[in-house]
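Dear colleague,

Please find below the structure I wished to pass on to you, together with its sequence. A summary of the findings follows it.

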Amino acid sequence: MNEEIATNGNATETNETENNLLELAKSNPDGISNDDIKRHMPDIPLTEITAIINKCLKNGIFDLFKTKDNLLYKYKDPSKKTMVKGADAEEKLVYKIIEEAGNKGIWIRDIRFGSNLNMTQLNKVLKSLETKKLIKCVKSVTASKKKVYMLFDLEPDSSVTGGAWYQDQDFESEFVDVLNQQCHRFLVEKLEEANTKSNGPLLARNRSYATANDVHKFISELGISKVSLTVEDIESILYTVVLDNNAERIVATNGSYVYKAVNRFLPSAGIVKTTCGICPVANRCAETGLINPKACSYFTDWLIQ
Amino acid sequence: MSSQLGKVVGLLLIERFGPVVEKVGTSLYQYGSSPLLHIKKRTDLPLSKVKESLTILIKYQLVTFTTNQNENIANYSLKSERVLLMLRYPKYINMIKKKFGDTSEMIIEELLQRSYITATEALLKVHERLTKNGDNVVSFSQLKNEFVSLVNAKYLIRLPVNEDTDKPVPKLVSNEKEMHILPPIDLNLIQKFKSAENVTFPDNDIYWQVNFDRFHQDMRDKIIVSAFTKKFDENAGELIKMLLQQMYIRTEPWVDVSNPIPILEIKDLARKQKSLGQLNTFFDQYVNIIEQDHSNLIRKAGEASGGSFQIYLKEAYTQFAWEIVEQSVMEKFDTKAARIFRLVKLKQYVEPDMIQRLAMIPAKEAKRLTYQLLEENFLQIQELRKAAVGGSGPMKSFTLFHIKLDLVVRMILELCYKTLFNVMTRRNHEKITNKRIIDKKQRVDTITLGMRSQGAEEDQLAEIEEMITPPEREILERIEKTMKKLNTVELEIDDTIFLLQIYLLCH
Ligand code: SF4
């Protein structure tokens, strides 16, 4: 859809002129006037130029502006989809609002504020633009019910898709879990190796630190990821390992984080070894009544384990 | 007051002293400090029974008394925490056994069983027991030494004495200075007594009791040492052990932060122990890594004389409490919930959006878990309202999650009491349902024992043993296993209680 419209011309000459004209327009984002054109390409007949300009206007490559005493042609990037003809004023307006939102998309409420259309009207317009494949609706990962609109051809920003962790707006929980485990494993192995190979606890400690880059390399080599992960992605995963209390991170002298597997202080506490300490219905459990410690089957199962 | 604790206290009192005493104790628990007649009225027991029960409870120091506004009447109150300590007796006994050996263990046992006795009584009693068992009889002077060591190490202290004898309600006081003065034990008199002479012992009005606090210090230290061993290694554990040991020289045991301990002292101590080779080689490094650790429990206090260090005890209890709470969340819910919980802990105040993003949990699940944690009070919610800029437009409101550790710790402590109650109830229940077969086993055992002492033949004995059928034997084995498990877990829950209590004590 975005092919060079300029190649439509038959004559190579025309083609060249057209290209020159486009270049000129591109380098002047504020627009060019007829005088500008004349100055830049004095040898081209005006008729030819007019024909090209008309074609460009028709194709939407040029926008026509009128200042006080001048007509200006402004270049419009054809990669930003242009409106097809037949669109009415409302569609154009909505399209423009959506276009400005870029690949982050825009929420329907904000379109309504921007366009001053009422909901029914707006929905109609959006539907029409969608069927024309000019815009699309993308589910944002930040809130499950929040949908944003953006131009059809745009690749949604990672803040919308969630980046590597999302597949069709679904968070890939298992993928994250696997990575979490692998990162943890890497750190533990590093710690163990440091402990056995180092002479003295200080050296062992220093050797057990890993940077996100180290872990990134390890994960890439494992080849468990279908998508390519960035170091920042790994950094996020490593933070979950920290949150699981399986690692600590400190700021290294160069300002970046380094990670190290850690042990906890306490062994498993008495209270979590019993069924009652972790029982979901403990609040409803009493001496008498349906849920009670004498007949409790959790308890029985635990006793015969 | 916790109703769960009340129930546990009730069960413990029944187990140890029977239902009448329990009734009095429970009434005191529920209504707090009360005079005799109120107790009588509430329990509906005859006055003599109430008095008898109170006597027992006072003897075991589970009930204390103070004067009422009317000076002729006493108000009695139950020391529920003290009742709970009865669960810990096996631990105390075991600690002494490990540290001082079997004879000292017997001394402590006597004291725990009888609440208080004079030193001479204790020696006579233990001597008697040893003779009866036919063990190598320990001489009185040796026994005396053991007793004195226990006093010196402050495991035993004097019982408070009545200050004013002419008041109707006695006031018991203990003199700080006298608490640890050694008992006047006269070995000659003991010998005379043994040969049936009539004697009066010089210490017949000096009573001794177990100093629970001293045991609790040991328990605390042990927890800290094993925590460092687990987090770092044995050498780090040894290092902390020595630090704690030296701490006592200049620090009260239950302060929040110890006084500075010169590290050279520790170094010297370590050098004297050949077994600490690894620690000695890398002494400074170990000090370094512990001091630099995230946990920040050991901090440098000054550079003078090679540097001195402080132990942040309160901070240690706090971190331990956090770990227990985190474990609870983890086991009660799952790893994801624990992750959310720790995120809120680390960030202190967290917006819902942040949770899903940083914890990397799908939005729906994150929300569900967060609200579950909220519902069970592991998390608290705080709404912040901010007027929109310019004072117009809708108010912006933020929801923030945070944790009140004190609250969560209290909640888990409650759960511990509940669990104790359930474990004890279950144990009683198992005993009752299997009473017939347990009784039978006991009868058979008594018979066998009797026959054996009369020199019965092996096949005769076997015949008796066979009275218990194989299926019965199976049941008995199962019961034994069950009981063992219940007993072990009961002690382990008490460990958790101990940790949570020391946290609460200093907050
Ligand atoms: S006895 Fe059973 S139902 Fe009651 S708290 Fe324990 S595990 Fe839960």
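Chain A and chain B bury about 5200 Å² between them, and carbon and sulfur atoms account for 60% of that area. Please bear in mind that this is a predicted model. On the side of chain A, the residues that lose the most area to chain B are A:L243, A:F265 and A:L266, which together make up 17% of what that side buries. In terms of contacts, 56 residues of chain A meet 61 residues of chain B.

The polar part of the interface may also interest you. Between the two chains, 27 residue pairs are in polar contact, both residues being at pLDDT 80 or more. Three salt bridges are found across the interface of chain A and chain B. A salt bridge joins B:K336 to A:D177, with 3.3 Å between the closest N and O atoms.

As to secondary structure, the elements of chain A that each supply at least two residues to the side touching chain B are α8 (173-197), α9 (201-207), α11 (231-243), β10 (247-251), α12 (270-273) and α13 (297-304). Of these, α11(A) gives the most, with six residues. By residue class, the side of chain A that touches chain B divides into 32 nonpolar, 15 polar and nine charged residues.

Finally, a note on annotation. An unreviewed UniProt entry lists residues 9-67 of chain B as "domain: RNA polymerase III subunit RPC82-related helix-turn-helix". In the model, this span is 73% helix and 12% strand, and its end C-alpha atoms lie 25 Å apart.

With kind regards

Notes. Residues numbered from 1 in each chain as written. Chains lettered and ligands numbered in written order. Predicted model: local features only at pLDDT ≥ 70, side-chain atom pairs only at ≥ 80, totals over all residues. Heavy atoms only, no water. UniProt positions renumbered as here; feature names shortened; annotations may be inferred. Helix = DSSP H or I, 4+ residues; strand = E, 2+ residues; numbered from the N terminus. Contact = heavy atoms within 4.5 Å. Buried area = accessible area lost by both parts, 1.4 Å probe. Salt bridge = Lys/Arg side-chain N within 4 Å of Asp/Glu carboxyl O. Polar contact = N/O pair within 3.5 Å; in protein donor to acceptor, adjacent residues only side chain to side chain. Nonpolar A, V, L, I, M, F, W, Y, C, P; charged D, E, K, R; others polar.
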